[in-house]
Amino acid sequence: MIMIFGIPGPLLFGQLLLGLINGAFYAMLSLGLAVIFGMLNIINFAHGALFMMGAFCSWMLLNYLGIGYFPALILAPLIIGAFGIVLEKTLISRLYKLDHLYGLLLTFGLALVIEGLFRNAYGSSGLPYRIPQVLTGATDLGFMFMPNYRGWVVLCAAVVCFATWAIIEKTSLGATLRAATENAPLVQAFGVNVPRLITLTYGGGIALAAFAGVLAAPIYSVNPNMGTNFINTVFAVVVIGGMGSILGSIVTGFALGVVEGLTKVFYPQASATVVFVVMVIILLTRPRGLFGKAA
Amino acid sequence: MRISRRTLLASAAAAGTLPVAGARAQAQQTIRIGCLTDMSGPYKDLAGPGAIAAVHQAIEESGIAAKGIKVDVVGADHLNKPDIGAGIVRQWFDRDGVDLVVEVANSGVALAVAGVAKEKNKAYINSGAATSDLTSSQCNANTIHWAYDTYMLAKSTGGAMVRSGGDSWYFITADYAFGKALTRDTSDFVTSAGGKVLGNSPYPFPGTTDFSSFLIQAQASGAKVLGLSNAGTDTINTIKQAKEFGIKMRLAGLLLFLTDIHSLGLDVAQGIVLTDSFYWDHNDRTRAFANRIAPKMGGARPTMVQAGVYASTLHYLKGVAEMGVAAAKADGAATIAQLKKMPTQDDCFGAGSIRPDGRKIHPSYLWEVKKPSESKGAWDYYKPLASTPADQAFRPMDQGACPLVKS
């Protein structure tokens with residue numbers, strides 16, 4: 001058997017793959033955050049709570065309406081995205097003229113309120129959500145058993161990340177969006193409804209979080225705290241990738257998943273800390289992040 | 001009659017003092033019980049509102065009102081923070097006239113509260129915490145530990161697994177006091193029964209949601225049994241992912257509650273072996289209790305912790321009736337001493353007793369989670385595998401190093 005640093009090769013390859021899978025969640029969540037920060041300049045601390053709502057939404061669709069996993073994959077992001085639009089219209093839009101900190105405080109408070117309400121209604125130990133029948137089982141890759149569902153998660157994440165990047169970087173809609181971020185009054189002068197554009201962007205970012213929530217529901221316990229566990233790491237990903245950089249958050253998300261996976265083999269106690277160690281190193285050497293543009 | 005401003009002020013002032021005096025007089029005959037629990041965090045379902053319901057149930061069934069003794073209940077959320085828990089209990093004892101504190105899930109908070117109860121000489125009966133330190137190095141004359149502890153869990157689950165052929169173990173451990181203690185205690189039982197421990201993955205707590213990496217390492221170690229030294233949603237996530245990755249090892253849930261199984265669903269949880277000192281469907285008496293308390297719990301079935309809160313409150317009220325309200329209010333240590341003298345008897349744990357070190361003893365039971373086909377419906381989850389008699393279920397007193405035990 002091949003040994004790498006005293007660890008059997010197959011075990012190490014397995015861990016790399018697992019890291020990539022976890023990285024898929026980081027990438028999807030940090031992507032939404034990066035889009036929202038890049039376009040709205042809002043540090044959206046409610047992202048974890050909305051990710052959790054996505055998971056709960058798919059559970060509710062199944063248990064109250066009998067709607068299964070695949071329709072939920074479309075419906076839940078739409079429903080939670082619409083909820084995000086309501087939040088933006090009624091609350092967040094009032095803060096655009098103020099300092100970043102106000103947005104951070106508001107969204108942090110929103111996260112606490114949302115999580116508290118769900119905890120009150122559904123308890124804290126979580127709700128069961130099954131893996132859809134067609135995606136159960138596992139494939140033998142030679143070095144490890146890869147659950148089919150995890151493969152599906154990576155596939156979905158890759159498609160969604162690519163699509164988001166393409167929309168923002170390669171379409172005329174994306175060009176308008178980027179222009180509106182640079183100079184809103186000028187774009188408005190060209191007849192573009194900038195406030196509506198911003199509202200839809202926020203809704204889109206939230207829909208991405210909800211989509212990740214639906215993907216997470218069968219793997220993790222659907223419970224009110226599930227977002228809190230992710231959100232700190234995801235913020236670190238955004239900072240490392242470069243605030244607001246779309247490509248940065250995608251690449252960093254996957255890469256940090258792998259770094260974390262390897263730490264779990266060599267020194268598991270540090271696996272929650274390693275991301276922040278990387279963040280400190282990056283901030284010291286490249287303060288604008290790996291993919292951040294110079295000011 | 002003309003009312004001058006002076007008399008009006010005077011009578012207002014007098015009226016102001018009246019309720020206070022009234023409350024003082026009333027406090028002489030009223031026993032007040034404080035249920036300190038987790039109302040918002042990971043232990044809400046296994047303790048929380050159900051634990052407060054259990055206190056009320058015990059008061060109703062104790063018949064204490066007929067003896068002319070009034071009992072009221074206050075509840076609070078300790079947020080799983082020892083400083084907050086200790087602060088609430090201090091206020092309860094100093095200002096609110098609380099005589100007994102029950103429940104207190106979370107070992108850290110539980111140990112902090114034990115210190116406050118001793119300092120203020122009040123009574124404290126814990127049912128929710130796991131740490132066996134409550135009755136060893138940290139024991140005191142004001143504390144009783146009721147439902148279970150880490151030693152009981154480790155001995156029952158660890159010993160039984162080795163006897164049935166599970167002689168090589170791998171642990172996934174929440175990297176803090178509780179998880180480490182559980183792994184340490186279980187490893188001791190495994191090795192002393194002739195088994196081997198092949199590895200351990202201590203993971204950062206809290207904040208870990210993905211356990212697949214540790215599961216793959218555990219599988220690669222070749223161990224037959226996977227010991228889960230964690231609790232709550234961490235355990236749920238570990239079990240869910242073990243199923244997903246097709247882990248062929250036998251899972252030993254070192255601390256699993258009925259509500260965890262309810263959350264997992266039987267198709268995921270089936271076959272898991274675990275230890276509980278109370279299961280609602282165990283015998284006629286436990287079933288009767290579960291049916292009586294169900295309306296207060298929204299139809300859910302009580303956990304071992306909630307049963308412990310019920311049984312301990314019931315026993316406390318018997319003690320109060322025996323020694324009188326005034327004496328019980330005056331001296332917490334004397335009340336606890338009185339409780340230790342009396343044999344215990346309740347629907348949840350049957351006949352039992354309380355040792356000088358504060359350990360309540362009763363049998364512990366090893367259960368296996370049913371297959372979905374064996375279950376008749378919601379909450380029908382366990383089938384019995386083995387039991388350990390009361391005198392062997394807990395750590396022998398001479399090994400606990402509790403200063404209250406005189407050799």
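**View 1. β3 and β4 of chain B, side by side.** In this predicted model, strand β3 (residues 100-103) of chain B runs parallel to strand β4 (residues 123-126) of chain B, with four bridges between them. Strands here are DSSP E runs of at least two residues, helices are H or I runs of at least four, and both are numbered from the N terminus; strands pair if DSSP finds at least two bridges between them. Look for B:Glu103, which sits opposite B:Asn126 in β4(B).

**View 2. Two helices on the sheet of chain B.** Helix α2 (residues 48-62) of chain B packs against β1 (30-37), β2 and β3, and its direction makes about 160° with that of β1(B). Helix α4 (residues 107-120) of chain B touches β1, β3, β4 and β5, at about 160° to β4(B). Angles run from 0 to 180 degrees between N-to-C directions, with axes fitted to C-alpha atoms, for helices over the stretch in contact. Contact means C-beta atoms, placed from the backbone, within 7 Å.

**View 3. The open, parallel sheet of chain B.** Its five strands line up as β2-β1-β3-β4-β5. β2 (70-77) and β5 (143-145) are the edge strands with a single partner each, so one side of each has no neighbour in the sheet. From one strand to the next, the twist averages 20°.

**View 4. Where chain B meets chain A.** Here 34 residues of chain B contact 30 of chain A. On the chain B side, α8(B) gives the most, with seven residues.

Residues are numbered from 1 along each chain as its sequence is written, and chains are lettered from A and ligands numbered from 1 in the order written. Local features need pLDDT of at least 70 and side-chain atom pairs count only at pLDDT 80 or more, while totals for chains, interfaces and linings use all residues.
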